[in-house]
Amino acid sequence: MALRMVVWLVLLGSLLSFSRADADAPCGKGFHDITPKQRATMTSVLESARAAVPEPPTGWVRTLHDDSVSPPTGVCLDFFPWTYSYGRNYTRVEGAEERERAVAAAGEQVRAAAAARQPQVDAYRENMAELSRQYSEAATSGDDAKFHAAHQEMEAFQAEYLRFMDEDDSARIFEAATASQYLDLEMSIHVTAQ
């Protein structure tokens, strides 16, 4: 069985390659409608590819359940040889509950960190409102020295606030805690024939 599969893959390998055609490219030479004989040949090749593509391993499922082959009905004459393909996509379902728990725990860490920072955020907002009021008064007072002092105080406050906000690394913490949870969740196998 394994030898037959290897021989089949070697034979099929001589027919396979990646398409050099850009699917969105214009078709200057026009299209060719696939004849019934060509369609039968393409269907046979795609059925062979479908038979060779493995079922999902344990812990994985097919993403799409429609496993039919569909040869093209027409091809652009700008590109030769003509290409057509069959593929299967898989999604990992094994460990889904553990992944959800890990992501939820990371989300809880981020929420807790945000809650701990919230009093300081509120204090900054209150200070900003007061400084904005003082700045506005200074701007309308006609007193250049008062306006200049208010402007410097506002700039210093904004720099301090930005430093505080830049210290918030919750997004990085969440990403680091969940990065491994999103690895190896999808895979696909595609066979392209000419």
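Figure 1. Most residues other than glycine have a negative phi. Helices and strands are DSSP runs numbered from the N terminus, a helix (H or I) having at least four residues and a strand (E) at least two. The model is predicted, so local features are reported only at pLDDT of at least 70 and side-chain atom pairs only at pLDDT 80 or more, whereas totals for chains, interfaces and linings use all residues. Residues are numbered from 1 along each chain as its sequence is written, and side-chain values use heavy atoms, with hydrogens and water left out.

**Figure 2. Course of helix 3, residues 96-141.** The 46 residues of helix 3 should span 68 Å at 1.5 Å a residue, and the 64 Å between its end C-alpha atoms agrees with this. The expected span is 1.5 Å times one less than the number of residues in the helix. At Gln 118, shortly before the proline Pro 119, helix 3 has a kink of about 40°. The bend at a residue is the angle between two axes, one fitted to the seven residues ending there and the other to the seven starting there.

**Figure 3. Buried residues of helix 3 and the elements they pack against.** The buried residues of helix 3 are Arg 99, Val 103, Ala 106, Gly 107, Arg 117, Val 121, Tyr 124, Leu 131 and Ala 138. Buried denotes under 20% relative accessible area, exposed over 50% and partly exposed the range in between (1.4 Å probe, protein chains only). These buried residues pack against strand 4 (84-92), helix 4 (144-166) and helix 5 (170-178). An α-helix has 3.6 residues a turn, so residues three or four places apart point the same way.

**Figure 4. Helix 3 crossing helix 4.** The axes of helix 3 and helix 4 come within 9 Å and cross at roughly 160°. Helix 3 is therefore roughly antiparallel to helix 4. Axes are lines fitted to C-alpha atoms, for helices over the stretch in contact, and angles between N-to-C directions run from 0 to 180 degrees. Angles under 35 degrees count as roughly parallel, over 145 as roughly antiparallel, 65 to 115 as roughly perpendicular and the rest as oblique. The crossing of helix 3 and helix 4 is left-handed. A crossing is left-handed if the near helix is turned anticlockwise from the far one by less than a right angle, and right-handed if clockwise.

Figure 5. Helix 4 contains 23 residues and reaches 33 Å from its first C-alpha to its last, close to the 33 Å expected at 1.5 Å a residue. Ala 150, Met 154, Phe 157 and Phe 164 are buried in helix 4, and helix 3 is included in what covers the buried residues of helix 4. His 148 also lies in helix 4; with a relative accessible area of 45%, His 148 is partly exposed. The C-alpha atoms of His 148 and Tyr 135 are separated by 9.2 Å, the two residues being 13 residues apart along the chain.

**Figure 6. Helix 3 crossing helix 5.** The axes of helix 3 and helix 5 come within 9 Å and cross at roughly 165°. Helix 3 is therefore roughly antiparallel to helix 5. The crossing of helix 3 and helix 5 is right-handed. Val 103, Ala 106, Gly 107, Gln 109 and Val 110 of helix 3 meet Ser 170, Ile 173, Phe 174, Ala 177 and Thr 178 of helix 5, contact meaning heavy atoms within 4.5 Å. Ala 104, in helix 3, counts as partly exposed at 44% relative accessibility. Between Ala 104 and Phe 174, 70 residues apart along the chain, the C-alpha separation is 9.9 Å.

Figure 7. Pro 72 is placed in the loop between strand 2 (60-62) and strand 3 (74-76). Neighbours within four places in sequence aside, Pro 72 is in contact with Ile 34, Arg 39, Met 42 and Tyr 84. From C-alpha to C-alpha, Pro 72 and Thr 83 are 9.0 Å apart in space and 11 residues apart in sequence. Pro 81 occupies the loop between strand 3 and strand 4. The peptide bond from Phe 80 to Pro 81 is cis, with omega near 5°.
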